[in-house]
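Subject: Structure handover

Hello,

Here is the structure you are taking over. Please open it beside this message and follow along as you read.

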Amino acid sequence: MVARGTPADAVAPVIRRTPEAVASVARRSPAYDVAAATPDPEIPTLTIEDLGILRSVDVTPGGIVVTITPTYSGCPAMREIAADVQARLNRVGFDRVTVATQLTPPWSTDWITTDGHRKLAAAGIAPPSSAPRRAGPVPLTLGRLASPRCPRCGSPDTRLTAQFSATACKSLHRCNACGEPFEGVKAI
């Protein structure tokens, strides 16, 4: 359903977020903007759009369908994110909202936006490397993770202190230059 007071011509076509391209701002609907602004419950300085987990917002005569992709298939935050998206859209007048989960293609840290990288670093969390990775599946190993640059001083002289942090998608590190401990988002 279109939000009360929203002109019919404000209903935009389906907006899809793919790793290849992000829809232009001119084509975004009010529903997309509301859903996109939903904060991540684990890192609230980031939105679900910043993290790249917002895949699409379909505005149809039957209601709104928001599609999200988890950062990994067992992510415990997905239920909370779905409830937050639905509540935010309901608050602004969208009555019929469905939040769907899409597992393929799987989420990749490549989908974190430039703004998301900036916000992670500002929050003291090292963003994953933005170096291009090879096409195809990313091999997952149980070996040591590469240590990222320190988000505080920028030094590459850091060390891994724990494979897991407050969430499974982050690891713990310490900067050898400034001594600051910090979390890093694991590259997937």
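Valine 185 counts as buried because its relative accessibility is 13%; buried means under 20% relative accessible area, exposed over 50%, and partly exposed in between, with a 1.4 Å probe and protein chains only. Valine 185 sits in strand β8. Helices (H or I, at least four residues) and strands (E, at least two) are DSSP runs, numbered from the N terminus. Leaving out residues up to four places away in sequence, valine 185 touches Thr109, Ile112, Leu120, Ile125, Ala126, Pro128, Cys169 and Lys170; contact means heavy atoms within 4.5 Å. Between the C-alpha atoms of valine 185 and threonine 167 there are 9.5 Å, with 18 residues of separation along the chain.

Before going on, note that this is a predicted model, in which local features need pLDDT of at least 70 and side-chain atom pairs count only at pLDDT 80 or more, while totals for chains, interfaces and linings use all residues. Residues are numbered from 1 along each chain as its sequence is written, and side-chain values use heavy atoms, with hydrogens and water left out.

The chain as a whole

The protein chain has four helices and eight strands. Along the sequence they follow the pattern β-α-α-β-β-α-β-α-β-β-β-β. Of the 188 residues in the protein chain, 40% are buried. Among contacts in the protein chain with a separation of 6 or more, 52% are between residues 24 or more positions apart. The protein chain exposes about 9,900 Å², and 58% of that comes from carbon and sulfur atoms. Accessible areas come from the Shrake-Rupley method with a 1.4 Å probe, and for residues only the protein chains shown count as cover.

The sheet that holds β8

In which order do the four strands of the open sheet stand? The order is β5-β8-β7-β6, and the pairing is mixed. β5 (125-126) and β6 are at the edges with a single partner strand each, so one side of each has no neighbour in the sheet. Two strands pair if DSSP finds at least two bridges between them. Strands of a sheet pair through backbone hydrogen bonds, either parallel or antiparallel.

- β5 and β8 run parallel and are joined by two bridges; alanine 126 stands opposite glycine 184 in β8.
- β7 and β8 (residues 181-185) are antiparallel, with five bridges; here arginine 174 stands opposite proline 181.
- β6 (residues 158-162) and β7 (residues 170-175) are antiparallel too, joined by four bridges; arginine 159 has arginine 174 in β7 as its bridge partner.

The hairpin of β7 and β8 has five residues between the strands, and glycine 179 there takes a positive phi near 80°.

Aspartate 157 is in the loop between β5 and β6. Is aspartate 157 buried or partly exposed? It counts as partly exposed, because its relative accessibility is 41%. Apart from neighbours within four places in sequence, aspartate 157 is in contact with Cys175, Asn176 and Ala177. The C-alpha atoms of aspartate 157 and cysteine 178 are separated by 9.4 Å, and the two residues are 21 residues apart along the chain.

Cysteine 75 belongs to the loop between β3 (63-68) and α3 (78-91). With 11% relative accessibility, cysteine 75 counts as buried. Cysteine 75 and cysteine 169 are 94 residues apart along the chain, yet 8.8 Å separates their C-alpha atoms.

Proline 105 is in the loop between β4 (97-101) and α4 (114-122). The peptide bond from threonine 104 to proline 105 is cis, with omega near -10°.

Cavities

How many cavities of 30 Å³ or more are there? The count is two. A cavity is a set of points, on a 1 Å grid over the protein atoms alone, where a 1.4 Å probe fits but cannot get out; lining residues have an atom within 4 Å of a point. Grid points are joined across faces, edges and corners, and a volume is the space filled by probe spheres set on the points.

The largest cavity holds about 120 Å³ of space. Its lining has 15 residues, and Asp40, Glu42, Leu51, Thr71 and Cys169 are the ones nearest its centre. The lining of the largest cavity divides into 12 nonpolar, one polar and two charged residues. Here Ala, Val, Leu, Ile, Met, Phe, Trp, Tyr, Cys and Pro count as nonpolar, Asp, Glu, Lys and Arg as charged, and the others, Gly among them, as polar.

Regards

Conventions
1 Å grid on protein atoms, 1.4 Å probe; cavity = no way out; pocket = protein on both sides within 12 Å on 5 of 7 lines; lining within 4 Å.
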